[in-house]
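Here's a quick briefing to read alongside the model. Have the structure open and follow the topics below.

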Amino acid sequence: MKILVTGGTGYIGSHTVVELQHAGFDVVIVDALFNSKEEVVDNIAKITGIRPEFEVFDLTDRAKTDDFFRRHQDLVGIIHFAAHKAVGDSVQHPIKYYRNNLDSLMNILEGMTTYGIPNLVFSSSCTVYGQADQLPVSESAPIKKAESPYGNTKQIAEEIISDTVHVNNIRAIALRYFNPIGAHDSGLIGELPNGVPDNLLPYITQTAYGIREQLKVFGDDYNTPDGTPIRDYIHVVDLAKAHVKAVQRMTDNTMKQAFEVFNLGTGNGYSVLEVIKAFERATGMTINYKIVGRREGDIEQIWADPSYSNAELGWKAERTLDEMVASAWKWEQHYRKE
Ligand code: UFG
């Protein structure tokens, strides 16, 4: 069974390709390489012994996308990761985000309809919940007004998919990710941020490596036990495995509705300072950090209620915070040496 993975050379995409191959799926990757490197395909092949098919083009190009589907009518499903994802950049360049993230989705849905490809897994985000009124947050929590154009593209995308499955013979699962961190055990694939990292873990590992002088902790005056914000960090390999379960749910015909939504988190919340301490514990290093003012748009605290995903997908995040930060460090060192 062949699966198209869009954005398959990206951070979550590459880990998912590996898990799909381990589970016996054939994979074709489409990636425009806007924010990733072609060498990732070689590293996937090193890990699994199987080289995925790979095509480089932009899925917002309708003609190229149609041509791709015309040549790949044997696909049983698509996992759509390809998207711009930087919150701050989306505030500066909203149209770039709306055009890229939504045009690509619509071209894919159109191709699925035209060529009879039945199954779609979509990368969504816990950002759709905003600051949830109740924690942990379950899938039935209300969707709050998006904090950024990026977050809005995820909300609008879920609506587009929901509308499309009602009139076409398509099934879809949206996976709402909490905070994926860490890297594959091999150290061969991991997160490769462009320029100065926005996210906490790459900033920590780059500070540990000496690329960044000092980590800024954005605020310690939140209403949390140590004053720093709380997130549900999840190991990217655990996250990748949930995608395989979602695909299998579709191909095994065990979905309960044509469009389903699942939270992907561990159910545990950790503060920024707890993550730094876990990194120091796991690596024996000391992180040079300083408390500064809050970052605009950050929510105070969120963690998942993963019970519905655990029960329905037969999946559970297994790796601990210490394993997550240790694997991120292994990847940073491996990548820099290469
Ligand atoms: N943080 C710092 N210093 C840094 C970077 C981050 O203190 O240099 C803090 C943030 O303030 C936040 C926590 O670390 O409290 C996590 O921040 P990240 O940027 O790693 O992750 P976010 O929770 O802000 O963002 C993630 C995804 C987004 C998604 C969002 C939804 O990266 O794509 O969750 O809430 F939109």
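Predicted model: local features only at pLDDT ≥ 70, side-chain atom pairs only at ≥ 80, totals over all residues.

**Second largest pocket**
- Its volume comes out at about 160 Å³.
- The lining residues are Glu19, Ala23, Asp238, Lys241, Val244, Lys245, Gln248, Gly314, Trp315, Lys316 and Glu318.
- Helix α8 (residues 236–251) gives the largest share of that lining, five residues.
- Sorted by class, the lining of the second largest pocket has six charged, three nonpolar and two polar residues.

**Helix α1**
- Helix α1 (residues 11–22) has 12 residues, so at 1.5 Å a residue it should span 16 Å; the 17 Å between its end C-alpha atoms agrees.
- Most of α1 is covered, with 11 of its 12 residues buried.
- Among those buried residues are Glu19 and Leu20; Glu19 also lines the second largest pocket.
- After α1 comes glycine 24, with a positive phi near 95°.

**Largest nonpolar core**
- This core has 36 residues, and Leu20, Leu175 and Leu264 touch the most other members.
- At least two core residues come from each of β1 (2–6), α1, β2 (26–30), α2 (39–48), β6 (171–177), α8 and β11 (259–264).
- α8 supplies the largest share of the core, eight residues.
- Domain 1 and domain 2 both contribute residues to this core, so it lies between them.

Definitions and conventions
Residues numbered from 1 in each chain as written. Heavy atoms only, no water. 1 Å grid on protein atoms, 1.4 Å probe; cavity = no way out; pocket = protein on both sides within 12 Å on 5 of 7 lines; lining within 4 Å. Points joined across faces, edges and corners; volume = space filled by probe spheres on them. Helix = DSSP H or I, 4+ residues; strand = E, 2+ residues; numbered from the N terminus. Nonpolar A, V, L, I, M, F, W, Y, C, P; charged D, E, K, R; others polar. Expected span 1.5 Å × (residues − 1). Buried < 20%, exposed > 50% of the residue type's maximum accessible area, 1.4 Å probe, protein only. Core = buried A, V, L, I, M, F, W, Y, C linked by side-chain atoms within 4.5 Å. Domains from an automatic or database assignment.
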